[in-house]
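Keep the viewer open as you read.

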Amino acid sequence: MAQAINGKKIILTGSSSGIGRAAAIQLAAQGAEMFLMARREEELRTAQNEIQDAGGIAHIFPTDLTDLEGLDSLIDGILAEHGKIDVLVNNAGRSIRRSVEKSLDRFHDYERCMQINYFAAMRLTLKVLPSMLESGDGHVVNVLTWGTLMPSAYFTAYAASKCALGSATQGMDAELRSKGVAFTGIHYPLVHTPMSSPTDHYNKLPGMSPEQAGKWIVKAVKKRPARIAPSYAVMAGVNNTLFPRLSAAVAGKLKF
């Protein structure tokens, strides 16, 4: 059943640029009250101004997502002032493209990805869940990658953290959807954002714009599906299940 976006209170992380900023503007245009979180205050304020100039509602919270105790205090304050949050969108992320051979002395790459992509998302989720469960309604949208559906050569730190979040997403959805709290995993392909732009090779590949990607988040909020993913990524995941050795061999030759 489709959900009305108008009037929903939505926390969206990583909303200062890219997918998050585009989704925030689109959701606000449909009447959502947006709670925008990211590190960069100036960019957050620019997004807030754009939303407000168009007649929408947006609050900004410059936030270090690696400060887990700080996140607890932040959410406690939001809940105390604004009441229950209807939707949490865990969009903020860190991506690292590096072969495992070049990562042998870079364990911190794995720690950093887990800190932002998994631990921060789970900390926020666990903070908003009690009020959602109490009311019998809520929704958590977790931004993943199509790389979680197949072997992701050269992205082991990033993909592993997103796989952890994806597994948690499915498990929590299995436990809580019957209680009114739904979970959606969005498996994006390449999206041309500031996060991907430093890799020149990516700029030459076909990909989604932030605005196109933002529409997937809007769709998730409206429809509350368990998963949104490109059909070709789903098929690649099926092939990986049936032919894991072949799938790994192919992935190892790709230079994405």
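The fold has an open sheet of seven strands, ordered β3-β2-β1-β4-β5-β6-β7 with parallel pairing. β3 (57-62) and β7 (227-228) sit at the edges with a single partner strand each, so one side of each has no neighbour in the sheet. Strands here are DSSP E runs of at least two residues, helices are H or I runs of at least four, and both are numbered from the N terminus; two strands pair if DSSP finds at least two bridges between them.

This is a predicted model, so a few ground rules: local features need pLDDT of at least 70, side-chain atom pairs count only at pLDDT 80 or more, and totals for chains, interfaces and linings use all residues. Residues are numbered from 1 along each chain as its sequence is written, and side-chain values use heavy atoms, with hydrogens and water left out.

Back in the sheet, β5 (residues 138-145) and β6 (residues 181-188) run parallel over eight bridges. H139, for instance, has A182 in β6 as its bridge partner.

Now look at helix α8 (residues 231-242), which holds L242. With 55% relative accessibility, L242 counts as exposed (exposed is over 50% relative accessible area, buried under 20%, partly exposed in between, with a 1.4 Å probe and protein chains only).

Finally, find R40 in the loop between β2 (33-38) and α2 (41-53). R40 is partly exposed, at a relative accessible area of 32%.
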